[in-house]
Amino acid sequence: MEQRKILLREDEIPRQWYNILADIAMNPPLGPDGNPITPDQLAPVFPMNLIEQEVSQERWIDIPDGVLDVLKIWRPAPLVRARGLEKALDTPARIYFKNESLSPPGSHKPNTAVAQAYYNKEFGIKKITTETGAGQWGSALSFACAHFGLECKIYMVRISFDQKPYRKSMMAAWGGNCVASPSPNTKAGQTALERDPNTPGSLGIAISEAIEEAVSDESGQTRYSLGSVLNHVLLHQTIIGLEAKKQMEKINEYPDIIIGCAGGGSNFAGLALPFVHDKINGKQIEIYPVEPAACPTLTKAPFVYDHGDTARYTPLLAMHSLGHAFVPPPIHSGGLRYHGMAPIVSQLVDEGILEPKSVKQNQVFEAGVLTARSEGIIPAPETNHALATVVDEARKAKEEGKEKVILFNWSGHGLLDLTAYDNYFAGNIKDIDLSNEEITNAEKVFADFPKPAHVKHE
Ligand SMILES: Cc1ncc(COP(=O)(O)O)c(C=O)c1O
């Protein structure tokens, strides 16, 4: 019988995260005075134990037992051979995916939500604020906060709040309090609403609102949490790639190509970084982060210093950015509507270690539907971006007659994204490609900021 799932036993779960900061050089985040930010300056926003992780240079960081106990609700996650998709595409490629849709909230996001809630609790914090795009992150953090007895407040980007009402119900079931962003509750929200009362919102605005609420709590017991982009978030997600590596070793496979969708970069990096470690040490692998053509951060925007949020509360991060004021078109993949990108992913793109790709919306849903029909699981629209590239690469392997091994990350299921599928079936999905003029206009906001150096690993 053909093997479909490659499983790990519970005692084979990785016990350490991989920290790529031990292996690459990065431009530091800059504070308001233009100097590298100090841990003390971040202390009102994040608990110090997470700030220490953010800047740690240790290659391996122990995963606390209190985190592993919760992760074991769904981890280790299976590695699946996508035999149905291979058959549908009649390709000689062998396609594997990590199924991150099996977590209770339905995506990879709880891998870091659980760790962040744990560290906040350890530090004596009582309440966490955050933003969410598609709602996956807000549900994940609500789920994690419920485990550790923390209060959770979520600012959900307006367009997704309207498109996915049941995400709010899910957050409520775990005790989270979700409001639409921009909201009238914060200065950042009020400014955005004055600028455009009908704005679809953006992750940049929602981040500003959540930071503002955290730092204005005079009790000092509230902190902010980010679901992507930052070094410690990517660190927590490396459990995906570390498990995948062990699973591939069990069947004597190694990927030629690694693919993940990239919004802020966390699920992609979680799968890819342990393999980037091998690539830096000489392995031949092609590694593709995939983004929407409607929000082409890695493929069209420059590597610059810019803020992570619209109201400019965050430090300047060295990243690919479309400009902190950019409001991406209202595509159905809320999780990919972000103006910036993780500094680690941006740095690796700048060094030429990763090769970003962009895909259009109809191609994305076509790949998602083909995969739902051949594999059985309905993917999140974000995951469909990875799938569009998997389909392209599998077809290329067929044309070239090559037995390529493709590994991709199934970042989430789409069971609460069915409006998006309905729109696709009704022919209402538009292929949005940002014009060069729109991009040049959006980029004006960082023209006067310092420029990052083009550094390379040793
Ligand atoms: C299912 C899913 N995939 C991917 C993403 C993109 O985020 P990231 O690039 O941080 O993985 C999101 C974000 O909300 C998501 O919900």
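1. Basis. The model is predicted: local features need pLDDT of at least 70, side-chain atom pairs count only at pLDDT 80 or more, and totals for chains, interfaces and linings use all residues. Residue numbers start from 1 along each chain as its sequence is written.

2. Strands 4 and 5. Helices (H or I, at least four residues) and strands (E, at least two) are DSSP runs, numbered from the N terminus. Strands pair if DSSP finds at least two bridges between them. Strand 4 (residues 79-81) runs antiparallel to strand 5 (residues 94-99), with three bridges joining them. Leu79 has Lys98 of strand 5 as its bridge partner.

3. Strands 5 and 15. Strand 5 also pairs with strand 15 (residues 405-410), in the parallel sense, over six bridges. Here Ile95 stands opposite Ile406 of strand 15.

4. Helix 2. Leu50, Ile51 and Gln53 are buried in helix 2 (residues 48-55). Buried means 20 or more other C-beta atoms within 10 Å of the residue's own; exposed means 12 or fewer; partly exposed is in between; C-beta atoms are placed from the backbone. The three lie on the same side of helix 2, because they cover an arc of only 160° around the axis. That arc is taken over the directions from the helix axis to the C-beta atoms.

5. Packing of helix 2. Its buried residues pack against helix 1 (39-42), strand 3 (60-62), helix 5 (110-122) and helix 11 (231-250). Contact requires C-beta atoms, placed from the backbone, within 7 Å.

6. Phe425. This residue lies in helix 17 (residues 418-425). Phe425 counts as exposed because it has 10 C-beta neighbours inside 10 Å. Its C-alpha atom is separated by 30 Å from that of Gly204, 221 residues apart along the chain.

Terms used
Contact = placed C-beta atoms within 7 Å.
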